[in-house]
Amino acid sequence: MNVYDSERMTDVLRPLGYEAVDAPDRADMIILNTCHIRDRAAEKVFSELGRLRLVKEARAQAGQQTVLAVAGCVAQAEGREILARAPYVDIVLGPQTYHRLPEMVARAARAAGAVIETDFPVEQKFDFLPPEREVPEGGAAFLTIQEGCDKFCSFCVVPYTRGAEASRPVAAVLEEARRLVAHGVREITLLGQNVNAYHGEGPDGATWDLARLATELARHVGVERIRYTTSHPRDMGDDLIAAHRDLPALMPFLHLPVQSGSDRVLAAMNRGHTAQEYRDLVARLRAARPDLALSSDFIVGHPGETDEDFEQTMQLIRDIGFAQAYSFKYSPRPGTPASNAGAQVPEDVKDARLQRLQALLREQQDAFNAASVGQRVDVLFTGRGRKPGQISGKSPYLQAVHVEGPDSLIGQVAEVEIVKLHTNSLGGVLTGETDRA
Ligand code: SAM
Ligand code: SF4
C-alpha cells in the first residue's frame, strides 16, 4: 500500500511542477514514506533521516533548498518525536492527509517551523486525488479499494495509524480501474488492510462486496488478472470463494494470513477464528479452485506463546502447505494491548522458533517452485531482466520468471515453459503463445 500511496503522492505533486528523480541529492523535495508495523521498520526511518540530513546540508551549501517530508504510519504514530529527534524535517504527514501535500508544501515554504498533519480528516483523500495516474510500465498496477481496520488484533498498530475501516465507492474504483486498463494495465492488485472486508457503496445504492467488485472488474472493465491483498480469514465469505471458482481472471494465489496455529494464541491475538476454522476454510477454497496456492503471515513469540503453541503452528504449516510466506518475530508496538501483556517471550526463544519456522516454510516454497519446472505458465512480463536480452515477469503464483525475449513483450502476457529452478526465481523459454488472455 505504501507503493500505491507513494505513486499517488507523485500524482498530487505533478501539477506543482514536481517530477520524480532517481537520487536524493537531485531532489528539491524528499519524501520518506514509512512503515510502523514493526519496531525495526520504524527505527530505520531515523537512521535514514540522519543520512538525508547530510544530503540536505550539502545541497544548502550549494545554494539549493530541500523540503524534507516524512509520510506514512511512522509519521502518524510518532510525528512529534520525529520533529524532536530530527528538527530539520519540514513536513510530517499521516497516511490519510497526503492529498493536502500541495498546501503543506506552500505552508512549509512560508512558515518558520515544520508543518505537521496527522489528523484523520473528515474528507476522504481519494476524493481529492487527481483522477489521472502515472501508470508504471510493465502492465501491473496496485489499486487501493479499502483502508484501515476495526479488528484490533492484540499486536497490530494498523487500526491506530491507518484509522477505521473504510471502503471506496464502487464507481470510484471502477473508474480508476478503467483508466488503468486504457493505459495498458493487465493485472490489478486490489489493496486494503482488510481487503476482503470491502463493502463499497454501489452505483445501484446497494453495498457491494469484494466478490461482486471482482466480477465486475473481470467481466465488464476487462481486467485480465486480478489479485487482492491482504485478506482476513474471518471475511472470506461464500461469494468470494465462489468467485475463485467462477472467475478465471482471479489469480489462483491467495495471501491469507493465519499468524499462529494455536487456538490459545489466536484467541490472545483476538483473531476471531480457530486453527481448525482456518483449515476448513482452506479446504473450501481448494475445493472451489483446485490449483489455488496459498501464502500467509506468521508471528512467532506473541506474548504467552509456549513451545506447545509453537509446535501447533508448525503442524498447521505441515498440514496446509504454503507456496510462500512472510514470518516475523513478535515486535511490541507502543499502544497495542500485547505490548503491555505479561509473559513476553525472550528474544533468543523467538530467534530459535523463527529459524525453525522459516526452514520449514522455505522447504515448502522450494518444493512448490520445483514442481513448476516442466510446466507451461502464462507470464506477465513486467520489465527487463538482469542479463542483456532477458525479460522478467510474474507467473500466476507471483513467482519471478526470467526468459530470453524481446522488450516488446514487456507489459504483455505470454506462455512460458519453465525449465530451470533458481534460488528465488524460475528460468523459462517462450513457447510462442502470446497474449491469449
Ligand atoms: N491485515 C492483515 C491481517 O489481518 O493478517 C495484516 C496486515 S499487517 C500490515 C502485515 C503482517 O505484519 C501481519 O499479518 C503480521 O504477521 C505482521 N505484524 C503485524 N504487527 C506485528 C507485530 N507487532 N510484530 C510482528 N509482526 C507483526
Ligand atoms: Fe492489523 Fe490485520 Fe489485525 Fe487489522 S486484521 S488489526 S490490519 S493484523
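Q: What makes C149, K151 and H232 residues around ligand 2?
A: A residue counts as near a molecule if one of its heavy atoms lies within 4 Å of it. In this predicted model, the residues around ligand 2 are C149, K151, F152, C153, F155, C156, V158, P159, N194, H232 and R271. By class, the shell around ligand 2 holds seven nonpolar, two polar and two charged residues.

Q: How do you know that R271 makes a polar contact with ligand 1?
A: The cut-off for a pair of N or O atoms is 3.5 Å. A polar side-chain atom of R271 sits 3.0 Å from an oxygen atom of ligand 1, so the pair is within the limit. R38 also qualifies, with a distance of 3.3 Å to an oxygen atom of ligand 1, and D297 does too, at 2.5 Å from its side-chain N or O atom to a ligand oxygen.

Q: How much of ligand 1 does the protein bury?
A: Taken alone, ligand 1 exposes 560 Å², and the protein buries 88% of that.

Q: Why are β12 and β14 called edge strands?
A: The three strands form an open sheet in the order β12-β13-β14, with parallel pairing. β12 and β14 each have a single partner strand, so one side of each has no neighbour in the sheet.

Q: What makes β12 and β13 a pair?
A: Pairing needs at least two bridges. Three bridges join β12 to β13, so the two strands meet that requirement.

Definitions and conventions: Residues numbered from 1 in each chain as written. Chains lettered and ligands numbered in written order. Predicted model: local features only at pLDDT ≥ 70, side-chain atom pairs only at ≥ 80, totals over all residues. Heavy atoms only, no water. Polar contact = N/O pair within 3.5 Å; in protein donor to acceptor, adjacent residues only side chain to side chain. Areas by Shrake-Rupley, 256 points an atom, 1.4 Å probe, with all protein chains shown as cover. Nonpolar A, V, L, I, M, F, W, Y, C, P; charged D, E, K, R; others polar. Helix = DSSP H or I, 4+ residues; strand = E, 2+ residues; numbered from the N terminus.
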